[in-house]
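Dear colleague,

I am handing over the structure below for your study. Please open it alongside this message, as the notes that follow refer to it.

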Amino acid sequence: MSFYSDLGVEPIINAAATLTAIGGSIMPDDVIAAMQDSAKCYVDMTELQKIAGDHLAKLTKNEAAYVTPGCAAGLVLATLACITRGDPGRISRMPRGKGLPKEVVMFCGQRIPYDRAIELAGGRIRQIGNSVQTFPWELEEALSHRTAAVLFVAGSHLTGGLSLADTIAIARSKNVPVVVDAAAQLPPVENLWHFTSTMGADLVLFSGGKALRGPQASGLMVGKEILVDAARANASPNQRFARAMKAGKEEIAGLVCAVERFLDLDHESLSEQYEVQVSTWIDALSGFPGVEPRRSFPNEAGQPVPRLELCINPQVAGFSASEIQDELFAGKPRIAVLRVRDSIYITPDTIMPGEASIISETVQALIRGYMSH
Ligand SMILES: *Cc1c(COP(=O)(O)O)cnc(C)c1O
C-alpha cells in the first residue's frame, strides 16, 4: 500500500465490522474499475443520477432509487423529501420551513447516534415509547399535521419499538410515510426489496460503504418514486439546501457496480465460508485457560453473519478482553476487533485473503505471552 506508507498511515486488518471509522469496507477490483472509468469524462449529472437510479431500481425491484453520499446523508435527504414532498416553494424555505410538517417520529429504543441527520435537514425528532416497550396508541397519538415521517431503524438488536408491520399499518392509516434506516442490513440480499416491496415502507436507506463494498462515501435510497424524486430535487447537482449532499459521478458508478456485484454473489456459499472460518478460529483458539471461544450469531448489527466470540475470564486468564483488544490494535499489523464487556468478537466478513490466520496466530501469541509471565 504505497499511498498509505508514503503518507505514514498504518493499514488495519479489519476483523471488527464495516465501521466508517476504520474505512468502511474494501472495494473489489471491478468497483474500483467502474470508478476509474467514470472519472475520465464529463457527463450530465442529472441525467446520470436519473439513469443510474432507474437501473438500480430495476435491479433491486423498487419503484425508484437514488445514489446518496452515504446513509447518514440519505437520512438528511429522506427527511427533506418528506417535509417538502418535492414542492419547489417548500424546498426553498428549508431548513427553517416555517409552518411545514417537520416532526420525524422515532421509537426510543431505536434512537441512534446518526439520527441528528434529521435535525441537519431542519426536522425535529419526536421520540415515543421507552427502551423496553411502545404501545400502538403512542404512535397513533404522535402522528399529526406536524408529522413529516416515521423513521424506523431496522436491526434485530434494536428493541422496544413496534414491529415494522404495525408501524407501517398505523402510519399509512394517517397518510404518513415510513422511512427505514437499513444502513447495515445487508446481507440478507433480499433486504434490498423486502422493506419496500414486501413490507410497504416508503423510503429505505442503505450504506454503500458497508457490506455492499461500494465507495465509502456512497449510499442507496430506494422506494416510492414521488419521494425519491423529492429527495433528488433537494440535492446536488441542484443548488438547493442539501447541495452539500453530493455523490460524485465516481461514487454513482462505484455504487451501481457494487449493487450489481452484490446481487450476483453466491450468498449461500459465502455464509458457508463464514461458518467454516469461525469453526477454524474456534479450533485454533481452544484450550487456553480462561479463554472460551464460541460461535456468536447474529452479529452486532443483527445481520445473519456468524462471528468468533472469545469470552475471557480475567481472573483465570490473567488478562482482560480490553487489554487484548488494545494490544491487537497497537500491534503490527494493526488488527481491529469489537469488544463487549468480557468478550472480543472477530468477524469473517470484512477480512481479506490471507488475514484469517494472521489474526488467530497473533491472538495465540498474545495469549501465550500473557501466560508466560
Ligand atoms: C452506518 C450507519 C449509518 C451511517 O451510514 P453512512 O453510510 O456511514 O453514512 C446510519 N445508520 C445506521 C443504523 C448505521 O449503522
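In this message, two residues are said to be in contact when they have heavy atoms within 4.5 Å. Please keep in mind that this is a predicted model.

Let us begin with L310, which is found in strand β10, covering residues 307–312. Leaving aside residues up to four places away in sequence, L310 touches L285, V291, E292, P293, D342, S343, I344 and V363. The C-alpha atoms of L310 and R294 are separated by 6.5 Å, although these residues are 16 residues apart along the chain. Is L310 buried or exposed? Its relative accessibility is 1%, so L310 counts as buried, because buried means under 20% relative accessible area.

The backbone also deserves attention. Most peptide bonds are trans, and most residues other than glycine have a negative phi. The following places depart from that pattern.

- L186 and P187 are joined by a cis peptide bond, with omega about -10 degrees. P187 is found in the loop between β6 (178–181) and α9 (191–198).
- P187 and P188 are also joined by a cis peptide bond, with omega about 5 degrees. P188 lies in the loop between β6 and α9.
- K61, not a glycine, has a positive phi of about 55 degrees. K61 is found in the loop between α3 (45–59) and β2 (64–68).
- N175, not a glycine, has a positive phi of about 60 degrees. N175 lies in the loop between α8 (164–173) and β6, and is exposed, with a relative accessible area of 69%.

Yours sincerely

Terms used:
Residues numbered from 1 in each chain as written. Predicted model: local features only at pLDDT ≥ 70, side-chain atom pairs only at ≥ 80, totals over all residues. Heavy atoms only, no water. Helix = DSSP H or I, 4+ residues; strand = E, 2+ residues; numbered from the N terminus. Buried < 20%, exposed > 50% of the residue type's maximum accessible area, 1.4 Å probe, protein only.
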